[in-house]
Amino acid sequence: MRVGLAHHFGWAVAVAASADHRVADRRRIELVEPGVPEAPVHHLAVTVTDAEAAELVARVRSSAARATAASLDDLASALGEPIVSVSLRAWPPDFPEDIAVQRRVPYESRADSVMYRQVVAEAAQARGWAVHLYEAKDVESRAAAILGARAEEVLHGPRARLGPPWTKDHRMALAATIVAAGLPVVPGALEASP
């Protein structure tokens with residue numbers, strides 16, 4: 001089973017697909033615990049010192065690690081087959097880790113999003129799942145090229161079979177599993193799609 005994620009602040013759309021690209025599960029998963037700020041750098045860290053911002057981000061990251069682990073475990077236990085990979089939207093490999101830098105433009109608007117993706121990647125790797133990174137702008141077209149004549153049926157058909165919701169996020173997450181299917185599965189590895 002391959003899982004594709006389309007994440008947002010504090011939550012993500014998760015689509016699990018079989019080897020033949022059939023949707024086995026789709027759900028919203030929580031990436032942070034209730035009551036915890038979802039965007040600590042973008043919304044809250046602007047009014048505090050660097051040290052206070054770092055402490056806030058560490059607290060949110062710990063919450064995200066717990067919530068993400070629980071969400072991935074729930075998904076894994078609901079599937080009839082083991083998960084072999086998780087696909088996430090790529091982030092810049094040189095994204096700064098220093099909170100003082102993250103609080104400045106252009107990083108402050110992306111820091112929280114990168115944090116969630118890193119937390120998911122770490123949780124997946126801890127479970128021995130390969131992690132594949134994809135580019136949101138072209139993952140659907142890449143999947144369509146792989147599928148050929150089946151593209152419409154595979155990417156848009158789940159809406160008719162499963163009913164709503166079947167949004168762009170669901171299609172992107174499914175497309176990411178299709179692209180990942182052509183990549184090697186190295187348990188615990190973090191790989192960007194070529």
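Leaving aside its neighbours within four places in sequence, which residues is E108 in contact with? Let's begin there, and please keep in mind that this is a predicted model. E108 is in contact with V41, H42, Q102 and R103, once those sequence neighbours are set aside. You can find E108 in the loop between α3, residues 99-102, and α4. Its relative accessible area is 17%, and buried means under 20%, so E108 counts as buried.

A cis peptide bond joins V105 to P106, with omega at about 10°. There is another cis bond to point out, the one from P164 to P165, where omega is near 0°. P165 is found in the loop between α6 and α7. Why mention these? Most peptide bonds are trans, and most residues other than glycine have a negative phi.

That brings me to H21. This residue is not a glycine, yet its phi is positive, near 70°. H21 sits in the loop between β2, residues 11-17, and β3, residues 23-30. With 13% relative accessibility, H21 counts as buried.

Now for the helices. Let's take α2, residues 50-78, together with α4, residues 111-126: their axes come within 9 Å and cross at roughly 45°. The two helices are therefore oblique to each other, and α2 passes α4 in a right-handed crossing. Who meets whom? On the α2 side we have V57, V60, R61, A64, A65, T68 and L72, and on the α4 side M115, Y116, Q118, V119, V120, E122, A123 and A124. Sorted by class, this contact has 11 nonpolar residues, two polar ones and two charged ones.

Before we leave α2, let me show you S63, which has its place in that helix. Is S63 buried or exposed? At 1% relative accessibility, S63 counts as buried. Not counting residues up to four places away in sequence, S63 touches V32, E33 and V36.

Next stop, α5, which covers residues 139-147, with V139, A143 and L147 as its buried residues. These three are on the same side of α5, because they cover an arc of only 70° around the axis. What do they pack against? The buried residues of α5 pack against β5 (130-134), α6 (151-162) and α7 (168-181). And if you follow the chain just past the end of α5, you reach G148, which takes a positive phi of about 60°.

Let me finish with α5 and α7 as a pair. Their axes come within 8 Å and cross at roughly 55°, so these helices too are oblique to each other. Is this crossing left-handed or right-handed? For α5 and α7, the crossing is left-handed. In the contact, V139, E140, R142, A143, I146 and L147 of α5 meet K168, R171, M172, A175, A176, I178 and V179 of α7. By class, those residues divide into nine nonpolar, no polar and four charged.

Notes
Residues are numbered from 1 along each chain as its sequence is written. This is a predicted model: local features need pLDDT of at least 70, side-chain atom pairs count only at pLDDT 80 or more; totals for chains, interfaces and linings use all residues. Side-chain values use heavy atoms; hydrogens and water are left out. Axes are lines fitted to C-alpha atoms, for helices over the stretch in contact, and angles run from 0 to 180 degrees between N-to-C directions. Helices (H or I, at least four residues) and strands (E, at least two) are DSSP runs, numbered from the N terminus. Angles under 35 degrees count as roughly parallel, over 145 as roughly antiparallel, 65 to 115 as roughly perpendicular and the rest as oblique. A crossing is left-handed if the near helix is turned anticlockwise from the far one by less than a right angle, and right-handed if clockwise. Contact means heavy atoms within 4.5 Å. Ala, Val, Leu, Ile, Met, Phe, Trp, Tyr, Cys and Pro count as nonpolar, Asp, Glu, Lys and Arg as charged, and the others, Gly among them, as polar. Buried means under 20% relative accessible area, exposed over 50%, partly exposed in between (1.4 Å probe, protein chains only). The arc is that of the directions from the helix axis to the C-beta atoms.
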